[in-house]
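Student: Could you walk me through this one?
Tutor: Gladly, have a look at it here.

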Amino acid sequence: MRSNLKWVLILLAVSLAAQGLTAVLPPYIAQLFILASINAVLAVSLNLVNGLSGQFSLGQAGFMAVGAYTAASVNVFLLSSLRGNPAGDQIALVISLIVAAVASGFVGYLVGLPTLRLRGDYLAIVTLGFGEIIRVVILNIQAVGGARGFTNIPNSTSAFLVVFILALCVLLTHRFVMASQGRALLAIRENEIAAEAMGVNTTSYKVGAFVVSSAVAGVAGGLFAHYLSYINPSSFDFMKSVEIVIMVVLGGMGSVSGAILAAFILTFLPEALRPLQDFTHVDLRMVIYSLLLIVMMLMRPQGIFGRRELWQIFSGSKTSKSAK
Amino acid sequence: MESFLQLLLNGTALGSIYALIALGYTMVYGILRLINFAHGDIVMVGAYAGLFTALAIGAPAHPTFGNFCVVLIAAMAASALLGLAIERFAYRPLRNVPRLNLLITAVGVSLLLENLGQVCFGATPRVFPEIMPSMTLIQYGQIAVTNQQVTVFVTSLFLMIVLEWIVLKTKLGRAMRAVSFSHEIASLVGIPTDKIVAFTFAVGSALAAAAGILICISYPRVDPLMGVMMGLKAFVAAVLGGIGSIRGAVVGGLLMGIAEAMVVGYGSSTYRDALAFAILILILLFKPAGLFGKYQPEKV
């Protein structure tokens, strides 16, 4: 209980610090900081599937879209009476985020159950297809704006909330890896047959990880919608999914701090490359991303951090506790 | 009834194109246990190679059957080289790493081809010139059979027979089957596995390029992202037939094409892309090994 209180205080302190930081930073940088943090939440969520359980999902943007549209619809259509004052706005946002988490988690269950029963690479294809289908479905729902996009979403996401959720995800993932359920996932990643032989119910763990990952991606989508106060289906296309995969691969599959670092790099890098883009007049971003993927896999498949975490590198420990 | 027959005809032509692409997926999967994500984009590269060949030999001015053959062979050669290069530089260094890394590399190669395509060829679709004269061969009531449909069907049938002959009757084909059974045992009996894998990629890519040209004959436009959807549907066709099985790929491709033509004809064309994934999820739920695939229990 005492240590839990300590963690809650740390979470609050980090989030308050982030809120203070965005207040003093130039607005443009502050905006990038918040978007990078939202991307980091996505990267941490995907890390659970791609990094920790060794599966390969290519449709995280689809779950983000489910979350974004659910949160926005709940807040705009159902909770308008709650809003009006700052406290009410925040309560409405938190309620919508919870609904978004449940909705995208449920969709994750529907997508994950048939595919994760099987070994192999089907998850990549099915999630890829799902990501496209969900976009087409949203395009055809006129109540949420269809191709015009969903406008007038309350602009209530704060740096405090984003960083709080990010830090919470990091803490929970860290704790999860230490717990027996986390160990079971790592066992599945290392060798599925051996894990099964040791009595791990591989399907239920894989589906569980996938559902949690989708739910967190949905929360990130809700934060995204309430930060920009405008979303449209093309924000959640295949490119977005690939971006999230690259964050996880670049940071080191299985490394939470690596994923966060990569999310920040990949959010700020395109802005830094903008002068180059003006010069060449083509969108070189995806060319760079894809080259990065191939080169990473050939030269340093373990990513920047491998399976280690930031604090393990500074403390000099050679192997991750989780890898033992 | 007449519209049903017409749809069946259109579906068969489309399906034979899917079958050609599915063959590449199935062969590479059979030999490396890898879903070659870049396969759909090789279709695109083949189509562009065909486009530039057609422009270079001045085919649009004199559409003849000979021109079609020249374009087809040039595209197949170009794509086979590309397939060899991809295998050599992206996949071969990763022969002994976890399969997840190989899969990520394949996604990377696919994205690279798509985006390099957009940078080099421009993102806007281009019109594929008419490389052979178009005419209606048979007109029976409402049903029309064009020579393009016949060409598509006959060409793919011919290529499939050639492939079947290579795989079943030649020494190379026997080596391919041996490598797909086990890399280690094959190399123990003296089969150069790396060369066989490279050959498989070359053949698969050449078939993909042929499919690219056949697509362009039926729907005359090329764009850098044309391979994505084609590749996905062909992959579903390969899974439907049972991935790893060559006959399965052909049957799966034809079924896929006919199903799509029926959905477009009787339902709505907005669902044509969703159909593939609906089929995929149904197979994964009820018959993961596919129609012709064997269920292989994993041995430790």
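Student: Which element gives the largest share of the nonpolar patch?
Tutor: In this predicted model, α5(B) gives the largest share, five residues; helices (H or I, at least four residues) and strands (E, at least two) are DSSP runs numbered from the N terminus. Local features need pLDDT of at least 70, side-chain atom pairs count only at 80 or more, and totals for chains, interfaces and linings use all residues.

Student: And which elements supply at least two residues each?
Tutor: Those are β2 (136-140) and α5 (147-169) of chain B.

Student: Is Y140(B) buried or exposed?
Tutor: Y140(B), which lies in strand β2 of chain B, counts as exposed because its relative accessibility is 60%, where exposed means over 50%, buried under 20% and partly exposed in between (1.4 Å probe, protein chains only).

Student: Switching topic, how many residues of chain A are in contact with chain B?
Tutor: 35 residues of chain A are in contact with 35 residues of chain B, contact meaning heavy atoms within 4.5 Å.

Student: Which residues of chain A lose the most area to chain B?
Tutor: D121(A), Y122(A) and I125(A) do, and together they make up 20% of what that side buries; buried area is the accessible area (1.4 Å probe) that two parts lose on being put together, summed over both.

Student: Then which element gives the most to chain A's side?
Tutor: α13(A), with eight residues on the side that touches chain B.

Methods
Residues numbered from 1 in each chain as written. Chains lettered and ligands numbered in written order. Heavy atoms only, no water.
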